[in-house]
Amino acid sequence: MTTDTKPWLKTYPDDVPAVVDIDQYTNINDMFKATFEKYADKTAFVNMGHSLTFSELAEKSDAFAAYLQNELKVKKGERIALMMPNLLQYPITILGALKAGLVVVNVNPLYTPRELEHQLRDSGAAVIVAVTNFGNSLQQVIAKTSIKHVILTKIGDELAPHKRTLVNFVVKYVKKMVPKYHLPGAISLRRVLTEGKRMTLNVPKIESDDLAYLQYTGGTTGLAKGAMLTHRNIIANVLQVYGHFGPRTAKDQEHAVTPLPLYHIFANSVSMMLIMYMGGSNLLITNPRDLNSFVNDLSKYPFTMIFGLNTLFAALNKHEKFKQLDFSHAEFTIAGGMATQQHVAQEWQEITGMPIIEGYGLTECSPVVAGGVHTQQSFVPAVGVPLPSTELRIVDEAGNPLPMGEVGEIQIRGDQVMKGYWKQDAETKAILSADGWLNSGDIGRMDEQGIFYIEDRKKDMILVSGFNVFPSEVEEVATLHPRIVEAAAVGVPDSVAGERVKLVVVTNGSVTLDEIKKHCRQHLTGYKIPTAIEFRDELPKTNVGKVLRRELRD
């Protein structure tokens, strides 16, 4: 790929490559080999005050892989579901599964039994590793799935012995977070690792186009589908993000914070895989909604960077103890998952000194395709420029490329783009063209500098009397009001205008409908002003904190 086909490269700093060598590694295990040897004694992960070195991670993941092969007789290409929050058990089991040549199915542990059943049945997973807190959900559906082996772990199982006992006791008997379950034949992860350590691991031959993950997503439409992400896809995205942001990082001296769940592809590829690849240390936050515990963990860790999204930053901005932390080591923040609001980013930088650099991606793209450049010193309300070895373009409804400044759908092409949807040929053809362009379902534009902007999701756009209204614009204006904490804008049917704007808000004080409408009139043209306003105690959100506009519409 030459710079002539990428006019936006003039926006890149000199130390960001246009192209990265995806083929230098055959598979994910190969990508980490040198890192684990070089940084063997360094801390790889920290969780609940306990750390795991790279050598310990390598040994434990080897033991897990060996047990899968020797005791459970699991073969290359079979699917293994991982169902747990951010714990030290996560990197151990995911790396072990990949070493054994298995395909990882990342499962949201908060799934209802119905959602869990769909994902396990659709993926055909043969093994599941789950935290005991969610054993009851698994019990309700396991008979309807192809699961043959259940491996269970308790929240505190990878902590030091005295702390392990205390944490597991409190979780089960004090906080009563482990509903009763009956899963006969289930084995403990602690036993698996102990016995696997005495077994021999025979790493199978894993090609770059072999599947690494079935990463389930709603996609651009419909029920959850498994995006087939290959070893090459994941390698590509790690190297692309490293090429894009790497010059700004402290490499192996990086102390990252990961509050987003590792079962989500953004946290998995970027927060976990990227930091491991650099040899950095990573603080895993098990429950970021417990802000007091989260901030307490941050107070004991000299963090240099943090991954997150708008709702998390907004909540931390309001937390008094967070404002009192030592930010002397902090360098920058990478945001993804949803649009970052400018006033949230400005307040975040005033408190922490860190600029928020926004990225953009999709599960189907492993996930990152664009981002703000590492040289930026403050927030830019844009998703930035394409990563190395990545092409983006704007097209009209017929798929024809549009000139700079025109608004249309964003299409993506690059080595991080998925192989397709698992067992969904029609859905794959609908989103992925024969020449490799993927329809994002996002509406955006590119300016004369080659910087891309997201206006909104195609399906979320509100059409009022023929005029497009982007919910994100209405939401940003609404949250400028001092007593509106969160807001979501959706379209509702209207017999005259086709649709009208409805605003759902969460407030931190008394505010009237008239006050909100008056506030909106100061910043929005007439057809964008909400005609209906609903107050709620909280907004429905995904597992990573993205507002579920679809649920509000329904």
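Reader: What stands opposite M228 in β19?
Author: G420 does. Strands here are DSSP runs of E with at least two residues, helices are runs of H or I with at least four, and both are numbered from the N terminus.

Reader: Where do these numbers come from?
Author: This is a predicted model, where local features need pLDDT of at least 70, side-chain atom pairs count only at pLDDT 80 or more, and totals for chains, interfaces and linings use all residues. Residues are numbered from 1 along each chain as its sequence is written, and side-chain values use heavy atoms, with hydrogens and water left out.

Reader: Back to β9. How many bridges pair it with β19?
Author: Two, in the antiparallel sense, with β19 covering residues 420-421. Two strands count as paired if DSSP finds at least two bridges between them.

Reader: And in what sense do β8 and β9 pair?
Author: Antiparallel, over six bridges. Strand β8 spans residues 211-217. In that pairing, Q215 has A227 of β9 as its bridge partner.

Reader: What holds paired strands together in general?
Author: Backbone hydrogen bonds, in either a parallel or an antiparallel arrangement.

Reader: New topic. What is the strand order in the open sheet?
Author: It runs β2-β1-β11-β10-β12-β13-β14-β15-β16. That is nine strands, with mixed pairing.

Reader: Which strands stand at the edges?
Author: β2 (50-53) and β16 (385-386). Each has a single partner strand, so one side of each has no neighbour in the sheet.

Reader: How do β10 and β11 run, parallel or antiparallel?
Author: Parallel, joined by four bridges. β10 covers residues 255-258 and β11 covers residues 281-284. Across that pairing, A256 stands opposite N282.

Reader: Now charges. How many salt bridges does the structure hold?
Author: 22. A salt bridge is a side-chain nitrogen of Lys or Arg within 4 Å of a carboxyl oxygen of Asp or Glu.

Reader: Which residue forms one with R121?
Author: E117, with the closest N and O atoms 3.2 Å apart. Both lie in helix α4, residues 113-123. They are four residues apart, about one turn of the helix. R121 is partly exposed at 48% relative accessibility, while E117 is buried at 18%.

Reader: What about E391? Which side chain does it meet in a salt bridge?
Author: R413, at 3.0 Å from N to O. E391 is in strand β17 (residues 390-395) and R413 in strand β18 (residues 408-414), so the pair ties together parts 22 residues apart in sequence. E391 is buried at 16% relative accessible area, and R413 is partly exposed at 27%.

Reader: And R536?
Author: R536 pairs with E534, the closest N and O atoms being 2.8 Å apart. R536 is partly exposed at 32%, and E534 is partly exposed at 24%.

Reader: You mentioned β18. What does the side chain of E409 reach?
Author: The backbone nitrogen of S440, at 3.4 Å. E409 is in β18 and is buried at 12% relative accessible area. Beyond residues up to four places away in sequence, E409 touches several others, including R393, N439 and K458. Contact means heavy atoms within 4.5 Å.

Reader: Last one. Which residues form the nonpolar patch on the surface?
Author: F169, Y173 and V174, with about 330 Å² of accessible area together. Areas come from the Shrake-Rupley method with a 1.4 Å probe, and for residues only the protein chains shown count as cover. Patch residues have over 30% relative accessible area and no salt bridge; like charges are joined within 9 Å, nonpolar side chains (Val, Leu, Ile, Met, Phe, Trp, Tyr) within 5 Å. F169 sits in helix α6, residues 161-174, and is partly exposed at 45%.

Notes. Buried means under 20% relative accessible area, exposed over 50%, partly exposed in between (1.4 Å probe, protein chains only). A polar contact is a pair of N or O atoms within 3.5 Å; within protein, one must be able to donate a hydrogen and the other to accept it, and residues adjacent in sequence count only if both atoms are side-chain atoms.
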